[in-house]
Amino acid sequence: MLEPLFLNPYFQEKIWGGRKLATDWGYQLPEGKIGEFWAISAHPHGPSTVKNGPYKGLNVAELWDQHRELFGNVKGDVFPLLTKILDAEASLSVQVHPDDAYAEEHEHELGKTECWYVLSAEPDSYLIYGHHAQTRDELKEMIDNGDWKHLLRHYPVKKGDFVYVPSGTIHALNKGIVVLETQQSSDTTYRLYDYDRVDEKTGKKRDLHLKQSIDVTTVPHVDPQLDIKEKKYGDSYVKTFVTAPLSPFFSVYEWSVNGELALERGTAPYTLVSVVDGKGSITCDGQTYEISKGDHFILPFAIKSWQLNGKLQIIASEAGAIA
């Protein structure tokens, strides 16, 4: 398989979603508040499907199960990563995700470590990221008392920022932010606080998961120490946002193409690619494919090198440990 696997997405309606995926990205959205665009996904709650070549019509989970050679015959029951775009027209719930051990025991799926590349942010935007409790007892007391003002940390963000969110980190995207998210392939979220919102469809407040949240939150919170590195290739560059050992589940890169950029894969068996701005082309095995903002694809195992041309900004990821 010497051509990229271009993918059709799966859309998720969310109480906090909006329409930026149509107005700013040109996607053909279904009706409603579309909060999540599952671009590269094998998760049963929203698998993406191949739109080109001999595997057209198959979803990524089917490829993983039936054509493991596309992924270098790596082991693992499930495709380990999930790439999304999130449009936070309103603020998301304050939440936390479990690690693999807790998720396997209680939810029977992977844990959820994730990261965000900020695609756009309104002025003065901020995240909820981390907390101020020093012990688990203090965490529980502040949650029981609804003392969100003193518990939650505010974290300013702007376009182009990268934020790594290990499992156990209390966090929330706030209104006016759009991100590309790279995460473990998990849909387990424990809501800690939801601003007492009422779901218009059900007329009820959404469920909270206070016990689970207290169980899995890392106490005290410690910011990860990122070591972001940039390597120039003429007028283009590759920026490494996160990789092992800090991030055991995935490595995430920015490929900034200004003219041309030739790349070779290292030891990873396949690469996930999201074009977040610009237009140009990718050449694999002598065949050239036009690509532009909003395209998402997988470079399978057989593609060891590729040439990018044009004016492009790309976020790419590769799997680390396979669960």
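Modeller: Ala, Val, Leu, Ile, Met, Phe, Trp, Tyr, Cys and Pro are classed here as nonpolar; Asp, Glu, Lys and Arg are charged; the others, Gly among them, are polar. The model is predicted.

Biologist: By class, how many charged residues does the lining of the largest pocket have?

Modeller: The largest pocket has a volume of about 350 Å³ and is lined by 19 residues. Val 238, Tyr 253, Glu 264, Gly 266 and Glu 318 lie nearest its centre. By class, the lining has 7 nonpolar and 6 polar residues, and the charged residues number 6.

Biologist: Which element gives the largest share of the lining of the largest pocket?

Modeller: Two or more lining residues come from each of β14 (229-233), β15 (236-242), β16 (250-264) and β20 (305-319). The largest share is 5 residues, and the element that gives it is β16.

Biologist: Which residues line the largest cavity, and how many of them are charged by class?

Modeller: A search of the whole structure finds 1 cavity of 30 Å³ or more, with about 40 Å³ of space in it. Its lining consists of Ile 40, Thr 83, Leu 180, Thr 182, Leu 272, Val 273, Ser 274, Ile 315, Ala 316 and Ser 317. The elements that give two or more of these residues are β12 (177-184), β17 and β20. By class there are 6 nonpolar and 4 polar residues in this lining, and the number of charged ones is no residues.

Biologist: Which residue of β19 is the bridge partner of Leu 5?

Modeller: In strand β19 (residues 296-299), His 296 and Ile 298 point one way, Phe 297 and Leu 299 the other way, and all are buried. β19 runs antiparallel to β17 (residues 271-284), with 4 bridges; there Thr 271 stands opposite Leu 299. β19 also runs antiparallel to β1 (residues 5-8), with 2 bridges. Leu 5 has as its bridge partner Ile 298.

Biologist: Is Tyr 289 buried or exposed?

Modeller: Tyr 289 sits in strand β18 (residues 287-292). Not counting residues up to four places away in sequence, Tyr 289 touches Leu 2, Glu 3, Pro 4, Phe 6, Gly 280, Ser 281 and Ile 282. The C-alpha atoms of Tyr 289 and Pro 4 are separated by 8.6 Å, although the two are 285 residues apart along the chain. The cut-off is under 20%, so at 16% relative accessibility Tyr 289 counts as buried.

Biologist: Where is the cis peptide bond with omega near -10 degrees?

Modeller: Most peptide bonds are trans. A cis bond joins Ala 244 and Pro 245, with omega about 5 degrees; Pro 245 is in the loop between β15 and β16. Pro 220 lies in the loop between α6 (210-216) and β14. The bond with omega near -10 degrees runs from Val 219 to Pro 220.

Biologist: Does His 108 count as buried or exposed?

Modeller: Phi of His 108 is near 60 degrees, a positive value in a residue other than glycine. His 108 is found in the loop between α3 (100-106) and β7 (114-121). Its relative accessibility is 63%, and exposed requires over 50%, so His 108 counts as exposed.

Terms used: Residues numbered from 1 in each chain as written. Predicted model: local features only at pLDDT ≥ 70, side-chain atom pairs only at ≥ 80, totals over all residues. Heavy atoms only, no water. 1 Å grid on protein atoms, 1.4 Å probe; cavity = no way out; pocket = protein on both sides within 12 Å on 5 of 7 lines; lining within 4 Å. Points joined across faces, edges and corners; volume = space filled by probe spheres on them. Buried < 20%, exposed > 50% of the residue type's maximum accessible area, 1.4 Å probe, protein only. Contact = heavy atoms within 4.5 Å. Pairing = 2+ DSSP bridges.
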